[in-house]
Amino acid sequence: MAFFVARRLLYLVPVLIAVSLLTFLIASLLPGDLAYTILGDQATPENVAALRRDMGLDQPICWRYISWLGGVVQGDFGRSFRTGQTVLQAVGERLPVSIELMLLAQLGALAIGVPLAIICAARSGGPFDRFMTGTAFGMLSVPTFLSAILLIYFFAVELRWLPATGYVPFAEDPAGNLRFMVLPALTLALAEWPGIMRVLRSDMIATLQEDYIALAKAKGLKASRILFVHALKPSSLTLVTITGINIGRLIGGTVIVETIFALPGIGRLLIGAIYTRDLVILQGVVLLVGAGFVIVNFVVDLIYAVLDPRIRHGHA
């Protein structure tokens, strides 16, 4: 197991370097001049030249990347020229909101998708299975912003059960925090549960056709025990991978959802940095999000290796 972890960590280094390089290039190659954006009305040629020299913008892009990466390695992601906040401070204030949203959304998607997958696998080919398979396929085509608008209209405008926008920190009011997070989390969960259901259903149908399942039935074991003990665990390996991949989708979804529901998370910070051309914040946030996604998938690989010994021993 130690060799497997060390090998995965070794693979992680070039991936993180590639993420940092792409992040820097995307932000650096955007049209416009950062010096003009910072100076605004005071952007005289002399002031622009002086600022570009102070910020190192007059240096070759390769040298700027090395200098920026050196600061990142030391924990210096830069400072916003608009607010004066460092990237780590800005992300630290908003990260708990986004993490809470993603966790609630993932739990909601699992709570919807897993039971439906089990029922559909147990009744494969039946009316309920066909109906839910078609429903899941249709839900995959519904964009996140449309689900958000419909949920706001139904639960906030018509029924007035839940607030449409806003946020209360969990430490101040746990119940109020959950009320504000229900609609955003449900919006993301509605986009994630179809994939979970379809993958788990397919794996469970294949598992239920294995010989050891037939042996369990011949022994007279209860159908519920066969489903939840003998069929669900071996069918969950792919589900673990899908859950890790969904983190990336959730990160993208939070950008839209946090904007619609006015949540002060990473998504709104990223959108604000784009609108104000705060490239320092933009680079730092994108790099941290990309690195977080890579690390989450590394953890998923470890969990996958724990569940399936063939992975860590290199036999599959």
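I first wrote down that a residue is called buried under 20% relative accessible area, exposed over 50%, and partly exposed in between, with a 1.4 Å probe and protein chains only. The model is predicted, so I noted that local features need pLDDT of at least 70 and side-chain atom pairs pLDDT 80 or more, while totals for chains, interfaces and linings use all residues. Residues are numbered from 1 along each chain as its sequence is written, and side-chain values use heavy atoms, with hydrogens and water left out.

**Entry 1: Leu146**

I looked up Leu146, which lies in helix H7 (helices are DSSP runs of H or I with at least four residues, numbered from the N terminus). Leu146 counts as partly exposed because its relative accessible area is 35%.

**Entry 2: Leu69**

I found Leu69 in helix H4, residues 61-73, and its relative accessible area of 25% is why I list Leu69 as partly exposed. I also noted that Leu69 and Ser20, 49 residues apart in sequence, are 7.6 Å apart in space, C-alpha to C-alpha.

**Entry 3: the lining of the second largest pocket**

Which element gives the largest share of the lining of the second largest pocket? I found that H5 does, with eight residues (a lining residue has an atom within 4 Å of a point of the pocket, which is an open set on a 1 Å grid over the protein atoms alone, where a 1.4 Å probe fits, with protein on both sides within 12 Å along at least five of seven lines).

Methods:
Helices (H or I, at least four residues) and strands (E, at least two) are DSSP runs, numbered from the N terminus.
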